[in-house]
Amino acid sequence: MDKLKKVLSGQDAEDRGGLSEVAEATSLSSGTRIKGFIACFAAGILCSLLGTFLLWVPQKGLYLFAVFYTFGNIASIGSTVFLMGPMKQLKRMFEPTRLIATILVLLCFALTLCFAFLRHKGLALIFCILQSLALTWYSLSYIPFARDAVKKCFAVCLT
């Protein structure tokens, strides 16, 4: 009778599938998630700052800046995986409201790194700038009505 009560109430530990046991064993506590987020976000900021300081290195500075700046932005975006989990993060990134912004950010990351490794200074710098703009637009997609407000501000400023 006790076993029947456990099964009906959802407390039966013996009949759980292997996938739910793996998910439970690999999930992080909330404290660990916050620590991971802070560490990854701090590493991203540190990489971006290091890239900015390396900008002034003769001959290789712009390339180093592009690489470190891009890796810093990737780490900063990746830090939210600790808060949401990887699958939820991917689902939210590719929701229809931010699909174009996500594609632009990922494309700018890839093109910045490609042009930095191919030693095209001008294009690497252009894609660093575009990366910043795309990342800003992507970030605004998480704030309700923020992109609409920015659009209206630019419309007012341009007219």
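## What counts as a helix

Helices here are DSSP runs of type H or I with at least four residues, numbered from the N terminus. With that in hand, take a look at R119: this residue is found in the loop between α7 and α8. The model you're looking at is predicted.

## The overall picture

How many helices and strands does the protein have? There are nine helices and zero strands, so reading from the N terminus on, the elements simply go α-α-α-α-α-α-α-α-α.

The protein has 159 residues, and buried ones make up 28% of them. Among contacts in the protein with a separation of 6 or more, 60% are between residues 24 or more positions apart.

## The largest pocket

The largest pocket holds about 270 Å³ of space. It's lined by 15 residues, and the closest to its centre are F41, S76, I77, T80 and S139.

A75 lies in helix α4. Is A75 buried or exposed? Its relative accessible area is 16%, and since buried means under 20%, A75 counts as buried.

Now for its surroundings. A75 and F41 sit 34 residues apart in sequence, yet their C-alpha atoms are 6.3 Å apart in space. F41 is one of the residues closest to the centre of the largest pocket. If you don't count residues up to four places away in sequence, A75 touches C40 and G44.

## R98, a buried arginine

R98 lies in the loop between α6 (86-93) and α7 (99-117). Its relative accessibility is 4%, so R98 counts as buried.

What does the side chain of R98 do there? One of its polar atoms lies 2.8 Å from the backbone oxygen of R92. The side chain of R98 also makes a polar contact with the side chain of E95, at 2.8 Å. Leave aside the neighbours within four places in sequence, and R98 is in contact with R92, M93, Y138, S141, Y142 and R147.

T102 has its place in helix α7. With a relative accessible area of 1%, T102 is buried. A polar atom of its side chain lies 2.5 Å from the backbone oxygen of M93.

Which residues does T102 contact, once its neighbours within four places in sequence are left aside? They are M93, F94 and Y138. M93 and Y138 turn up among the contacts of R98, too.

## Aromatic pairs

A pair of aromatic rings is described by the distance of the centres and the angle of the planes. The count for this protein comes to four such pairs. One of them is F65 with Y69: this pair is stacked, at 5.3 Å centre to centre and 25° between the planes. Both F65 and Y69 lie in helix α4, four residues apart, which is about one turn of the helix. F65 is buried, and Y69 is as well.

Y138 and Y142 are arranged in another way. Their ring centres are 5.4 Å apart with the planes at 80°, so this pair is edge-to-face. Is Y138 buried or exposed? At 5% relative accessibility, Y138 counts as buried, while Y142, at 25%, counts as partly exposed. Both tyrosines are among the contacts of R98.

## Two positive phi values

Most residues other than glycine have a negative phi. Q59 has a positive one, near 65°, although it isn't a glycine. Where is Q59? It lies in the loop between α3 and α4. Its relative accessible area is 69%, so Q59 is exposed.

R119, back in the loop between α7 and α8, is another non-glycine residue with a positive phi, near 65°. Its relative accessible area is 46%, which makes R119 partly exposed.

Conventions. Residues are numbered from 1 along each chain as its sequence is written. This is a predicted model: local features need pLDDT of at least 70, side-chain atom pairs count only at pLDDT 80 or more; totals for chains, interfaces and linings use all residues. Side-chain values use heavy atoms; hydrogens and water are left out. On a 1 Å grid over the protein atoms alone, a cavity is a set of points where a 1.4 Å probe fits but cannot get out, and a pocket is an open set with protein on both sides within 12 Å along at least five of seven lines; lining residues have an atom within 4 Å of a point. Grid points are joined across faces, edges and corners, and a volume is the space filled by probe spheres set on the points. Buried means under 20% relative accessible area, exposed over 50%, partly exposed in between (1.4 Å probe, protein chains only). A polar contact is a pair of N or O atoms within 3.5 Å; within protein, one must be able to donate a hydrogen and the other to accept it, and residues adjacent in sequence count only if both atoms are side-chain atoms. Contact means heavy atoms within 4.5 Å. Rings of Phe, Tyr and Trp (its six-membered ring) pair if their centres lie within 6.5 Å; planes under 30 degrees apart count as stacked, over 60 as edge-to-face and the rest as tilted.
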